[in-house]
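I opened this notebook to record what I looked up in one structure. The entries cover confidence, helix packing and aromatic pairs.

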Amino acid sequence: MGGTSVVAAPGEEIQQAVLNHLQRLAISIGAPIRATIHDDLAGCVVPLEVSADGSSRVTGQAVRVAAQAKSGAAGVASPQGMRDVPPAKRPAPVPAGTVQAPTGQFGPAPVMSVAETPAPVLSATRAPAPVIDVVEPEPAPTTPAPTPARGFDAVAEEVLGDEPVTETAEGAELLTEPMTRINEAVRSGRIEAAAQLTDRTVTEAATVLGPGHAEVLHLRELSAYIAYLGGDPVRACRQSLDLARLRRQARDAEAAYGNVQSAATAWRAVRDPEEGLRLGRDLIELWADLTSEPGPAADDPRPLESARARMVRLTDRAARAAQP
(Lines give C-alpha, C1' and ligand atoms only; values in the text may rest on other atoms or scores of the structure.)
Protein backbone atom coordinates (compact mmCIF):
# COMPACT_ATOMS: atom_id res chain seq x y z
CA MET A 1 0.00 0.00 0.00
CA GLY A 2 1.78 3.15 -1.21
CA GLY A 3 4.87 1.00 -1.70
CA THR A 4 4.65 -0.58 1.76
CA SER A 5 3.91 -4.26 2.22
CA VAL A 6 0.89 -5.08 4.36
CA VAL A 7 1.29 -8.33 6.28
CA ALA A 8 -1.57 -10.16 7.97
CA ALA A 9 -1.20 -11.07 11.61
CA PRO A 10 -1.35 -14.77 12.58
CA GLY A 11 -4.90 -15.98 12.05
CA GLU A 12 -5.92 -12.81 10.18
CA GLU A 13 -6.98 -12.86 6.53
CA ILE A 14 -4.94 -10.59 4.28
CA GLN A 15 -8.16 -9.00 3.04
CA GLN A 16 -9.03 -7.91 6.58
CA ALA A 17 -5.48 -6.67 7.18
CA VAL A 18 -5.80 -4.43 4.12
CA LEU A 19 -9.20 -3.14 5.21
CA ASN A 20 -7.86 -2.42 8.70
CA HIS A 21 -4.95 -0.51 7.22
CA LEU A 22 -7.27 1.56 5.04
CA GLN A 23 -9.46 2.30 8.05
CA ARG A 24 -6.43 3.56 9.98
CA LEU A 25 -5.57 5.81 7.03
CA ALA A 26 -9.13 7.17 7.02
CA ILE A 27 -8.90 7.88 10.75
CA SER A 28 -5.53 9.62 10.38
CA ILE A 29 -6.68 11.99 7.61
CA GLY A 30 -10.23 12.47 8.83
CA ALA A 31 -11.73 11.50 5.47
CA PRO A 32 -12.83 8.34 3.64
CA ILE A 33 -10.26 6.33 1.68
CA ARG A 34 -11.20 5.35 -1.87
CA ALA A 35 -9.71 2.17 -3.31
CA THR A 36 -9.76 0.70 -6.81
CA ILE A 37 -9.28 -3.03 -6.28
CA HIS A 38 -7.59 -5.01 -9.05
CA ASP A 39 -8.48 -8.57 -8.07
CA ASP A 40 -6.61 -10.98 -10.33
CA LEU A 41 -8.08 -13.97 -8.53
CA ALA A 42 -11.71 -12.91 -9.06
CA GLY A 43 -10.96 -11.31 -12.40
CA CYS A 44 -12.55 -7.93 -11.75
CA VAL A 45 -11.87 -4.33 -10.84
CA VAL A 46 -14.02 -2.87 -8.05
CA PRO A 47 -14.02 0.73 -6.74
CA LEU A 48 -14.66 0.87 -2.98
CA GLU A 49 -14.64 3.41 -0.18
CA VAL A 50 -13.65 2.80 3.46
CA SER A 51 -14.65 5.20 6.24
CA ALA A 52 -13.05 5.89 9.59
CA ASP A 53 -15.70 3.76 11.32
CA GLY A 54 -14.64 0.74 9.25
CA SER A 55 -17.68 0.67 6.99
CA SER A 56 -17.17 0.28 3.25
CA ARG A 57 -19.27 0.70 0.14
CA VAL A 58 -18.99 0.19 -3.60
CA THR A 59 -18.55 3.58 -5.27
CA GLY A 60 -18.90 2.60 -8.92
CA GLN A 61 -19.42 -0.17 -11.47
CA ALA A 62 -17.46 -3.36 -10.97
CA VAL A 63 -15.70 -4.32 -14.24
CA ARG A 64 -14.62 -7.79 -15.35
CA VAL A 65 -11.07 -8.13 -16.61
CA ALA A 66 -9.15 -11.12 -17.88
CA ALA A 67 -8.24 -13.42 -14.98
CA GLN A 68 -4.50 -13.92 -14.44
CA ALA A 69 -2.97 -17.33 -14.56
CA LYS A 70 -1.11 -16.80 -11.33
CA SER A 71 -3.17 -17.26 -8.18
CA GLY A 72 -3.31 -14.38 -5.74
CA ALA A 73 -4.56 -10.83 -5.96
CA ALA A 74 -3.25 -7.31 -6.25
CA GLY A 75 -5.03 -4.14 -5.24
CA VAL A 76 -4.66 -0.47 -6.03
CA ALA A 77 -6.49 1.87 -3.70
CA SER A 78 -7.58 5.43 -3.09
CA PRO A 79 -8.95 6.61 0.35
CA GLN A 80 -11.41 3.85 1.57
CA GLY A 81 -12.03 0.06 1.71
CA MET A 82 -11.33 -3.13 -0.17
CA ARG A 83 -11.46 -6.87 0.17
CA ASP A 84 -10.19 -9.71 -2.09
CA VAL A 85 -12.10 -12.97 -2.37
CA PRO A 86 -10.45 -16.37 -1.76
CA PRO A 87 -11.58 -19.17 -4.13
CA ALA A 88 -13.75 -20.80 -1.44
CA LYS A 89 -15.66 -17.59 -0.88
CA ARG A 90 -16.17 -16.45 -4.47
CA PRO A 91 -19.87 -16.10 -5.29
CA ALA A 92 -21.33 -17.81 -8.32
CA PRO A 93 -21.52 -15.75 -11.55
CA VAL A 94 -24.75 -13.86 -12.11
CA PRO A 95 -26.47 -12.91 -15.39
CA ALA A 96 -25.25 -9.79 -17.12
CA GLY A 97 -26.81 -6.63 -15.81
CA THR A 98 -27.97 -8.23 -12.53
CA VAL A 99 -27.58 -5.91 -9.53
CA GLN A 100 -26.22 -7.47 -6.34
CA ALA A 101 -26.46 -5.98 -2.84
CA PRO A 102 -23.07 -5.31 -1.22
CA THR A 103 -21.94 -8.30 0.87
CA GLY A 104 -18.75 -6.92 2.41
CA GLN A 105 -16.78 -8.94 -0.18
CA PHE A 106 -16.38 -8.42 -3.87
CA GLY A 107 -16.38 -11.13 -6.45
CA PRO A 108 -17.12 -11.59 -10.14
CA ALA A 109 -18.86 -8.59 -11.65
CA PRO A 110 -21.62 -8.88 -14.29
CA VAL A 111 -20.13 -10.02 -17.61
CA MET A 112 -19.46 -7.09 -19.94
CA SER A 113 -18.35 -6.96 -23.53
CA VAL A 114 -14.84 -5.78 -24.39
CA ALA A 115 -16.25 -2.53 -25.79
CA GLU A 116 -18.04 -1.83 -22.51
CA THR A 117 -15.02 -2.52 -20.32
CA PRO A 118 -13.09 0.65 -19.43
CA ALA A 119 -9.39 0.40 -18.82
CA PRO A 120 -8.38 0.19 -15.15
CA VAL A 121 -7.68 3.58 -13.62
CA LEU A 122 -4.54 2.39 -11.86
CA SER A 123 -2.22 -0.45 -12.70
CA ALA A 124 -1.75 -3.42 -10.40
CA THR A 125 1.48 -4.92 -9.13
CA ARG A 126 1.39 -8.63 -8.45
CA ALA A 127 2.60 -9.60 -5.01
CA PRO A 128 1.75 -12.21 -2.39
CA ALA A 129 -0.23 -9.53 -0.58
CA PRO A 130 -2.25 -6.64 -2.07
CA VAL A 131 -0.25 -3.60 -3.09
CA ILE A 132 -2.09 -0.28 -2.82
CA ASP A 133 -1.23 3.13 -4.20
CA VAL A 134 -3.02 5.72 -2.07
CA VAL A 135 -4.22 8.73 -4.01
CA GLU A 136 -5.29 12.17 -2.84
CA PRO A 137 -8.10 11.87 -0.25
CA GLU A 138 -11.39 13.68 -0.47
CA PRO A 139 -11.33 17.08 1.23
CA ALA A 140 -12.17 16.78 4.91
CA PRO A 141 -15.74 17.82 5.70
CA THR A 142 -16.26 21.39 6.73
CA THR A 143 -15.80 21.83 10.47
CA PRO A 144 -19.25 22.40 11.98
CA ALA A 145 -19.92 25.54 13.93
CA PRO A 146 -19.26 25.06 17.65
CA THR A 147 -22.31 24.15 19.68
CA PRO A 148 -23.40 27.08 21.86
CA ALA A 149 -23.35 26.62 25.61
CA ARG A 150 -26.81 25.62 26.82
CA GLY A 151 -28.44 24.65 30.07
CA PHE A 152 -26.40 24.75 33.24
CA ASP A 153 -23.21 25.18 31.18
CA ALA A 154 -24.47 28.56 29.97
CA VAL A 155 -25.52 29.58 33.49
CA ALA A 156 -22.13 28.58 34.89
CA GLU A 157 -20.35 30.70 32.27
CA GLU A 158 -22.46 33.69 33.31
CA VAL A 159 -21.77 33.14 37.01
CA LEU A 160 -18.03 32.91 36.37
CA GLY A 161 -17.99 35.98 34.12
CA ASP A 162 -16.64 39.36 35.08
CA GLU A 163 -20.03 41.11 35.02
CA PRO A 164 -23.58 39.95 35.81
CA VAL A 165 -25.63 39.11 32.72
CA THR A 166 -29.09 40.69 32.43
CA GLU A 167 -31.70 40.55 29.70
CA THR A 168 -32.95 44.14 29.53
CA ALA A 169 -31.94 47.68 30.41
CA GLU A 170 -34.39 47.81 33.29
CA GLY A 171 -33.04 44.50 34.53
CA ALA A 172 -29.50 45.85 34.44
CA GLU A 173 -30.58 48.80 36.58
CA LEU A 174 -32.57 46.72 39.05
CA LEU A 175 -30.59 43.47 39.27
CA THR A 176 -26.90 44.19 38.72
CA GLU A 177 -26.18 44.64 42.43
CA PRO A 178 -28.01 41.56 43.79
CA MET A 179 -26.74 39.36 40.96
CA THR A 180 -23.19 40.47 41.66
CA ARG A 181 -23.58 39.30 45.26
CA ILE A 182 -25.17 36.03 44.14
CA ASN A 183 -22.34 35.28 41.71
CA GLU A 184 -19.71 36.09 44.34
CA ALA A 185 -21.41 33.72 46.80
CA VAL A 186 -21.41 30.90 44.22
CA ARG A 187 -17.77 31.47 43.27
CA SER A 188 -16.73 31.39 46.93
CA GLY A 189 -18.66 28.17 47.56
CA ARG A 190 -21.32 29.72 49.80
CA ILE A 191 -24.11 27.88 47.99
CA GLU A 192 -26.72 28.13 50.76
CA ALA A 193 -26.25 31.90 50.98
CA ALA A 194 -26.44 32.13 47.19
CA ALA A 195 -29.71 30.16 47.19
CA GLN A 196 -31.27 32.49 49.79
CA LEU A 197 -30.16 35.59 47.86
CA THR A 198 -31.53 34.17 44.62
CA ASP A 199 -34.94 33.26 46.06
CA ARG A 200 -35.29 36.75 47.54
CA THR A 201 -34.22 38.41 44.28
CA VAL A 202 -36.67 36.30 42.23
CA THR A 203 -39.53 37.34 44.51
CA GLU A 204 -38.62 41.02 44.36
CA ALA A 205 -38.11 41.01 40.58
CA ALA A 206 -41.42 39.21 39.98
CA THR A 207 -43.23 41.82 42.10
CA VAL A 208 -41.71 44.71 40.15
CA LEU A 209 -41.48 43.25 36.63
CA GLY A 210 -44.08 40.49 36.63
CA PRO A 211 -43.64 36.71 36.93
CA GLY A 212 -43.30 36.17 33.17
CA HIS A 213 -40.70 38.87 32.58
CA ALA A 214 -37.50 37.79 30.83
CA GLU A 215 -35.39 38.87 33.81
CA VAL A 216 -37.48 36.79 36.20
CA LEU A 217 -37.18 33.72 34.01
CA HIS A 218 -33.44 34.32 33.79
CA LEU A 219 -33.19 34.51 37.57
CA ARG A 220 -35.17 31.28 37.90
CA GLU A 221 -32.59 29.56 35.68
CA LEU A 222 -29.93 30.76 38.09
CA SER A 223 -32.03 29.47 41.00
CA ALA A 224 -32.29 26.00 39.40
CA TYR A 225 -28.53 25.91 38.84
CA ILE A 226 -27.81 26.85 42.45
CA ALA A 227 -30.24 24.15 43.65
CA TYR A 228 -28.27 21.66 41.57
CA LEU A 229 -24.99 22.87 43.06
CA GLY A 230 -26.52 22.64 46.52
CA GLY A 231 -27.32 18.93 46.14
CA ASP A 232 -31.06 19.27 45.40
CA PRO A 233 -31.33 17.84 41.86
CA VAL A 234 -35.07 17.13 42.21
CA ARG A 235 -35.85 20.80 42.75
CA ALA A 236 -33.42 21.82 40.00
CA CYS A 237 -35.07 19.41 37.57
CA ARG A 238 -38.60 20.57 38.36
CA GLN A 239 -37.68 24.25 38.09
CA SER A 240 -35.98 23.66 34.75
CA LEU A 241 -38.97 21.73 33.39
CA ASP A 242 -41.33 24.55 34.43
CA LEU A 243 -39.11 27.04 32.63
CA ALA A 244 -38.93 24.84 29.52
CA ARG A 245 -42.72 24.73 29.32
CA LEU A 246 -42.95 28.51 29.61
CA ARG A 247 -40.27 29.00 26.93
CA ARG A 248 -42.03 26.54 24.62
CA GLN A 249 -45.34 28.36 25.06
CA ALA A 250 -43.51 31.56 24.12
CA ARG A 251 -42.15 29.76 21.00
CA ASP A 252 -38.55 30.22 22.12
CA ALA A 253 -37.25 26.82 21.01
CA GLU A 254 -33.60 27.63 21.76
CA ALA A 255 -34.26 28.68 25.36
CA ALA A 256 -36.71 25.81 25.91
CA TYR A 257 -34.12 23.28 24.78
CA GLY A 258 -31.54 24.86 27.09
CA ASN A 259 -33.91 24.42 30.02
CA VAL A 260 -34.59 20.81 28.99
CA GLN A 261 -30.85 20.15 29.00
CA SER A 262 -30.60 21.66 32.49
CA ALA A 263 -33.46 19.43 33.61
CA ALA A 264 -31.71 16.39 32.12
CA THR A 265 -28.46 17.24 33.91
CA ALA A 266 -30.28 17.50 37.25
CA TRP A 267 -32.35 14.37 36.55
CA ARG A 268 -29.24 12.27 35.99
CA ALA A 269 -28.14 13.21 39.53
CA VAL A 270 -31.39 11.86 41.08
CA ARG A 271 -30.47 8.59 42.78
CA ASP A 272 -33.88 7.38 43.94
CA PRO A 273 -35.28 5.24 41.08
CA GLU A 274 -38.94 5.97 41.83
CA GLU A 275 -38.34 9.74 41.88
CA GLY A 276 -36.19 9.38 38.79
CA LEU A 277 -38.99 7.62 36.94
CA ARG A 278 -41.52 10.29 37.87
CA LEU A 279 -39.29 13.12 36.76
CA GLY A 280 -38.10 11.19 33.73
CA ARG A 281 -41.62 10.71 32.38
CA ASP A 282 -42.26 14.46 32.52
CA LEU A 283 -38.86 15.24 31.04
CA ILE A 284 -39.13 12.82 28.12
CA GLU A 285 -42.70 13.83 27.30
CA LEU A 286 -41.69 17.50 27.03
CA TRP A 287 -38.44 16.65 25.25
CA ALA A 288 -40.28 14.54 22.66
CA ASP A 289 -42.68 17.43 22.02
CA LEU A 290 -39.73 19.72 21.35
CA THR A 291 -38.13 17.27 18.92
CA SER A 292 -41.35 17.23 16.88
CA GLU A 293 -41.05 20.99 16.30
CA PRO A 294 -38.43 23.01 14.42
CA GLY A 295 -35.49 23.93 16.61
CA PRO A 296 -32.27 22.62 18.16
CA ALA A 297 -33.99 19.72 19.95
CA ALA A 298 -35.12 18.30 16.60
CA ASP A 299 -31.56 18.61 15.27
CA ASP A 300 -30.04 16.76 18.25
CA PRO A 301 -32.02 13.52 18.85
CA ARG A 302 -29.26 11.41 20.45
CA PRO A 303 -29.47 12.85 23.99
CA LEU A 304 -33.19 12.03 24.08
CA GLU A 305 -32.44 8.42 23.15
CA SER A 306 -29.89 8.33 25.97
CA ALA A 307 -32.54 9.60 28.39
CA ARG A 308 -34.92 6.88 27.26
CA ALA A 309 -32.22 4.28 27.84
CA ARG A 310 -31.77 5.59 31.39
CA MET A 311 -35.51 5.17 31.97
CA VAL A 312 -35.10 1.46 31.19
CA ARG A 313 -32.30 1.21 33.74
CA LEU A 314 -34.32 3.11 36.35
CA THR A 315 -37.26 0.76 35.78
CA ASP A 316 -34.99 -2.23 36.44
CA ARG A 317 -33.58 -0.59 39.60
CA ALA A 318 -37.05 0.24 40.89
CA ALA A 319 -38.18 -3.34 40.29
CA ARG A 320 -35.20 -4.72 42.21
CA ALA A 321 -35.75 -2.25 45.06
CA ALA A 322 -39.38 -3.37 45.35
CA GLN A 323 -38.43 -7.03 45.79
CA PRO A 324 -38.50 -8.40 49.38
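The entries below begin with the basis of the model and then turn to its helices.

**Entry 1: basis.** I worked on a predicted model, in which local features need a pLDDT of at least 70, side-chain atom pairs count only at pLDDT 80 or more, and totals for chains, interfaces and linings use all residues. Residues are numbered from 1 along each chain as its sequence is written, and side-chain values use heavy atoms, with hydrogens and water left out.

**Entry 2: confidence.** I looked up pLDDT, the predictor's confidence in each residue, from 0 to 100. The protein averages 78, and 71% of the residues score at least 70. I noted helices as DSSP runs of H or I with at least four residues, strands being E runs of at least two, numbered from the N terminus. Confidence is lowest in helix α1 (residues 14-29), with a mean of 72, and highest in helix α6 (residues 233-249), at 97. Residues 68-74 stay under 50 in pLDDT, and the model gives them 19 contacts beyond four places in sequence; a contact means heavy atoms within 4.5 Å. Over residues 76-136 the pLDDT is also below 50, with 158 contacts beyond near neighbours in sequence.

**Entry 3: α5 with α6.** I took axes as lines fitted to C-alpha atoms, for helices over the stretch in contact, with angles from 0 to 180 degrees between N-to-C directions. Helix α5 (residues 214-229) packs on α6 at about 155°, the axes lying 8 Å apart. That makes α5 roughly antiparallel to α6; angles over 145 degrees count as such, under 35 as roughly parallel, 65 to 115 as roughly perpendicular and the rest as oblique. Residues in this contact include Leu217 and Tyr228 of α5, and Leu243 and Leu246 of α6. By class I recorded 7 nonpolar, 4 polar and 5 charged residues. Ala, Val, Leu, Ile, Met, Phe, Trp, Tyr, Cys and Pro count as nonpolar, Asp, Glu, Lys and Arg as charged, and the others, Gly among them, as polar.

**Entry 4: α4 with α5.** The axes of helix α4 (residues 191-209) and α5 come within 9 Å and cross at roughly 160°. The two helices are therefore roughly antiparallel to each other. I found 12 nonpolar, 3 polar and 3 charged residues in the contact of α4 with α5.

**Entry 5: α2 with α5.** Helix α2 (residues 152-159) and α5 pack at about 95°, with axes 10 Å apart. α2 and α5 are therefore roughly perpendicular to each other. Phe152, Val155, Ala156, Glu158 and Val159 in α2 meet α5 residues, among them Leu222 and Tyr225. The contact of α2 with α5 divides into 8 nonpolar, 1 polar and 2 charged residues.

**Entry 6: aromatic pairs.** How many aromatic pairs are there in the whole structure? I found 2, with rings of Phe, Tyr and Trp (its six-membered ring) pairing if their centres lie within 6.5 Å, and planes under 30 degrees apart counted as stacked, over 60 as edge-to-face and the rest as tilted. Phenylalanine 152 and tyrosine 225 form a tilted pair, 5.6 Å centre to centre, with 50° between the planes. This pair links distant parts of the chain, phenylalanine 152 in helix α2 and tyrosine 225 in helix α5, 73 residues apart.
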